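These are my notebook entries for one structure.

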Amino acid sequence: MRKHNMIAMILAGGRGSRLFDLTNKVAKPAVYFGGKYRIIDFPLSNCANSNIQIIGVLTQYESVLLNSYVAQDQRWGLDAKDSGIYVLPPREKSEGFGLYRGTADAITQNIDFVDQYDPEYVLVLSGDHIYKMDYDAMLEDHKRNKADVTIAVLEVPLKEASRFGIMNAHEDGRIYEFEEKPKQPKSNLASMGIYIFSWPLLKQALIDDLSVEDSNHDFGKDIIPGFLNSGKRLFTHRFKGYWKDVGTIDSLWEANMDLIYHRDELNLADPSWKIYTEDITVPPQYMGPNASIENAYINQGCVVDGTVINSVLFTGVKVDKGAVVKDSVLMPFSHIKSNAFVQRVIVADDVVVEEGSKVGKESGEIDLISQNC
């Protein structure tokens, strides 16, 4: 089998419980985003655009849909010889089917998968963030610094730094300390959960971690601190583009709204860095004679004959005559019937808001409408 310089391993097994009903039956990385995409499209497209040919997707909870979705590797142009996307669920154990015990354990259980490609480097990613990033540029930093580990970091406001894992680094980018959600952060360099490891070192660290009784088998809690404590060369890679962890209803809504208000930061129409996804065959969008649209992001197959203001409409959404949709995210094939009023909500896929109904509020937390109402 051909040797690969770097392969990617995408951690896509989280429950996503803070997204409530959106993740009752689908894994968080399979949740819809941006009119026609799923969250997992972003790291997969980043890999394709960065010319990474081998990708393992480590799935776990509610993974049936996600497994079948990512297995269609032609969507990302990764179906040629010596390339592919491979679904990697937890392995069967002697006492039955187990689970990944942590982020590091997910890689440990798949050491044999990585070894068959004999990579020099392994890129470890999260499957539930929205961003566009050139991983090849990060690898160049890794090589230039002769690093053992390179960690992508994002500058955040110092007052918010206590929400993140913080990397304290010298001017040359070498990391000397890692603090997990510190009360009094010393810097504003937040870890993005994106790592490049030199594979022989990571492999040995994962094997050693198996024998540590009180280990969490986690990169942030065990592997990264272990590398630091043993004097390994850890460096930052500073990322300056758009990045969002869409782990809550509010953050998912905000990221969708960013497509309207901050299109220069997250441009999904950029031909130089395409985000690839499933291509659903639906009719063109139709704007009826009563349609009034202001600052909206409307996808194919939508039929609009009402008022849409500052909203994102996914594939196949219907907004009937007299209905008003404001500051909202309507997921695929949802239907807002005549004279309904929808404001500051996420409407889940296939949900019907009945004639004359009123959902949402002018301020406060975003509501998720997951059942017909």
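Which residues are buried in α8? I found Ile-249, Ser-251, Leu-252, Trp-253, Ala-255, Asn-256, Met-257, Asp-258, Leu-259 and Ile-260. Buried means under 20% relative accessible area, exposed means over 50%, and partly exposed lies in between (1.4 Å probe, protein chains only).

**Ground rules.** I am working with a predicted model, where local features need pLDDT of at least 70, side-chain atom pairs count only at pLDDT 80 or more, and totals for chains, interfaces and linings use all residues. Residues are numbered from 1 along each chain as its sequence is written, and side-chain values use heavy atoms, with hydrogens and water left out.

**Entry: helix α8.** Helices (H or I, at least four residues) and strands (E, at least two) are DSSP runs, numbered from the N terminus. Helix α8 covers residues 249–261. I noted that 10 of its 13 residues are buried, so α8 is mostly covered. Next I checked its length. The expected span is 1.5 Å times one less than the number of residues. For α8 that gives 18 Å, and its end C-alpha atoms are 18 Å apart, which agrees.

**Entry: a charge over a ring.** I looked for Arg or Lys over aromatic faces (NZ of Lys or CZ of Arg within 6 Å of the ring centre and within 35 degrees of the ring normal). Arg-344 lies over the face of Trp-253, at 5.0 Å from the ring centre. Trp-253 is one of the buried residues of α8. I also found Arg-38 over the face of Tyr-69, at 5.3 Å from the ring centre.

**Entry: aromatic pairs.** How many aromatic pairs does a search of the whole structure find? I got 13. Rings of Phe, Tyr and Trp (its six-membered ring) pair if their centres lie within 6.5 Å; planes under 30 degrees apart count as stacked, over 60 as edge-to-face, and the rest as tilted.

I started with Tyr-86 and Tyr-117. Their pair is tilted, with 6.3 Å centre to centre and 45 degrees between the planes. Tyr-86 lies in strand β5 (residues 84–87), and Tyr-117 lies in the loop between α4 (111–115) and β8 (121–126), so the pair ties together parts that are 31 residues apart in sequence. Tyr-86 is partly exposed, at 30% relative accessible area. Tyr-117 is buried, at 5%.

Then I took Tyr-131 and Tyr-135. They form an edge-to-face pair, 6.5 Å centre to centre, with 65 degrees between the planes. Tyr-131 is buried at 0% relative accessibility. Tyr-135 is buried at 0% too. I also wrote down a cluster: ring pairs link Tyr-195, Phe-197, Phe-219 and Phe-227.

**Entry: strand β1.** Is β1 enclosed or open? I counted 7 of its 7 residues (6–12) as buried, so the strand is largely enclosed by the rest of the structure. In a regular strand the side chains alternate between the two faces of the sheet.

Next came its partners. Two strands pair if DSSP finds at least two bridges between them. β1 runs parallel to β8, joined by 6 bridges. There, Met-6 stands opposite Tyr-121. β1 also pairs in the parallel sense with β4 (residues 54–59), over 5 bridges. Leu-11 stands opposite Leu-58 in β4.

**Entry: an open sheet.** I traced a sheet of 5 strands in the order β18-β21-β24-β27-β30, with parallel pairing. Its edge strands are β18 (297–298) and β30 (367–369), and each pairs on one side only. β27 and β30 share 3 bridges. Ile-346 stands opposite Leu-368 in β30.

**Entry: Asn-168.** This residue is in strand β11 (residues 165–169). Asn-168 is buried, at 1% relative accessibility. Its side chain makes a polar contact of 3.2 Å with that of Ser-187. A polar contact is a pair of N or O atoms within 3.5 Å; within protein, one must be able to donate a hydrogen and the other to accept it, and residues adjacent in sequence count only if both atoms are side-chain atoms.

**Entry: positive phi.** Most residues other than glycine have a negative phi. Asp-82 has a positive phi of about 65 degrees. Asp-82 sits in the loop between α2 (64–70) and β5, and is partly exposed at 32% relative accessibility. For Asp-350, phi is near 70 degrees. Asp-350 lies in the loop between β27 (345–347) and β28 (352–353).
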